[in-house]
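Here are a few notes to read alongside the model.

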Amino acid sequence: MRVIGVDEFGGPEQLKIFEKAEPHAGPGEVRIRVEAIAVSPTDTLIRQGQGRPNAEPPYVPGMDAAGVVDEVGPEVEGTSIPDSGRFSVGDEVMAFAIPAGEHGGAYVEYLVGPWQSMARTPAGHSVQEASTLPMNGLTAVQALEKLDLAPGSTIAVTGAAGTLGSYVVQVAKDAQLTVVADASPSDRAWLESIGADTVVERGDDFASAVLAAVPGGVDAVVDTALLKSLASGAVKPGGAFVSFRGWQGDGSPDVRFVVVSVGDEYLSHAKLDRLRALASSGAITLRVAGVLPAASAPEAHRRLEAGGTRGRFVLTF
């Protein structure tokens, strides 16, 4: 099968097509013929050699895919598996992949994974749209679960117009939280349309802007824009701050710092199926910035790293 990866770390130009042996579904596993792969910032880090996969080159990025089931291993139809996880050949599914895991990244023609890493695609959505949901959706769910806020609590989201940020906003609204989101003027109306209660100007003055809107501070901040210390001041005493990529906090007093690690959600079928239901109902909006052939992965990476995109670029085989 064809895969997209790198044998030397570096810029987008290092992404190339390689041939690898076609994998097959083992016990408890499902294989999908990949039709769509979402390109995320994490993919660019893999390409650069950060968080190197535990495998021989080519190193294959990708954490999100969607396609059609074409092999089902034994035990996938066992009585202990919920109906939502009993996949059959021909089902359209979305999948969460771990580049450093046993089966590698998602930039492949055929992806094998445990049934728990997959869910059916949301009703009314294309496989291209569905491919944008698994990794960032599960990240948003984990962030909200770790915060464990009561309905009516106030949460502020940095990078709210981005893919992860917008999922956090919408999952928070589903949990009946009050949401303060940051945005540029061009994104304000869209964020309000997906449920943001208050929109403040994005930028390094995030904490001051939030405090002006919510005197005393918010119950929690989810920092998808990686503002770190520039955003921690928006949290009220006793509140919490969710960070990403391992940041442990800046020592701000009376703030609980929470680190999210989406790799822990690899077998979270029930959560992924819940995200499917939210997208099917319209409670979560899926956005595709553009669709490119898999051979144009370098261009997708270049456009992503240039910034300013809304939604995910999607690669197709």
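1. Arginine 31 lies over the face of tyrosine 110, at 4.3 Å from the ring centre. A charge counts as over a ring if NZ of Lys or CZ of Arg is within 6 Å of the ring centre and within 35 degrees of the ring normal. Arginine 287 is placed over the face of tryptophan 190 too, at 3.5 Å from the ring centre.

2. A word on the source: this is a predicted model, where local features need pLDDT of at least 70, side-chain atom pairs count only at pLDDT 80 or more, and totals for chains, interfaces and linings use all residues. Residues are numbered from 1 along each chain as its sequence is written, and side-chain values use heavy atoms, with hydrogens and water left out.

3. Have a look at strand β6 (residues 110–114): 5 of its 5 residues are buried, so β6 is largely enclosed by the rest of the structure. Buried means under 20% relative accessible area, exposed over 50%, and partly exposed in between (1.4 Å probe, protein chains only). Strands (E, at least two residues) and helices (H or I, at least four) are DSSP runs, numbered from the N terminus.

4. What is the sense of pairing between β3 and β6? Strand β3 (residues 29–39) pairs with β6 in the antiparallel sense, over 5 bridges; strands pair if DSSP finds at least two bridges between them. Leucine 111 in β6 is the bridge partner of isoleucine 32.

5. The whole structure holds 5 aromatic pairs. Rings of Phe, Tyr and Trp (its six-membered ring) pair if their centres lie within 6.5 Å; planes under 30 degrees apart are stacked, over 60 edge-to-face and the rest tilted. One of the pairs, phenylalanine 9 with tyrosine 59, is stacked, at 4.9 Å centre to centre and 15° between the planes. Phenylalanine 9 is partly exposed at 26% relative accessible area, while tyrosine 59 is buried at 11%.

6. Tryptophan 247 and phenylalanine 257 make an edge-to-face pair, 5.7 Å centre to centre with 90° between the planes. Together with Phe241, they form one aromatic cluster.

7. Is threonine 316 buried or exposed? At 19% relative accessibility, threonine 316 counts as buried. This residue of strand β15 (residues 312–316) touches Glu35, Gln128, Val291, Leu292, Pro293 and Ala294, not counting residues up to four places away in sequence; contact means heavy atoms within 4.5 Å.

8. Aspartate 204, in the loop between β10 (198–201) and α6 (206–213), is exposed at 55% relative accessibility. Leaving aside neighbours within four places in sequence, aspartate 204 is in contact with Leu227 and Leu230.
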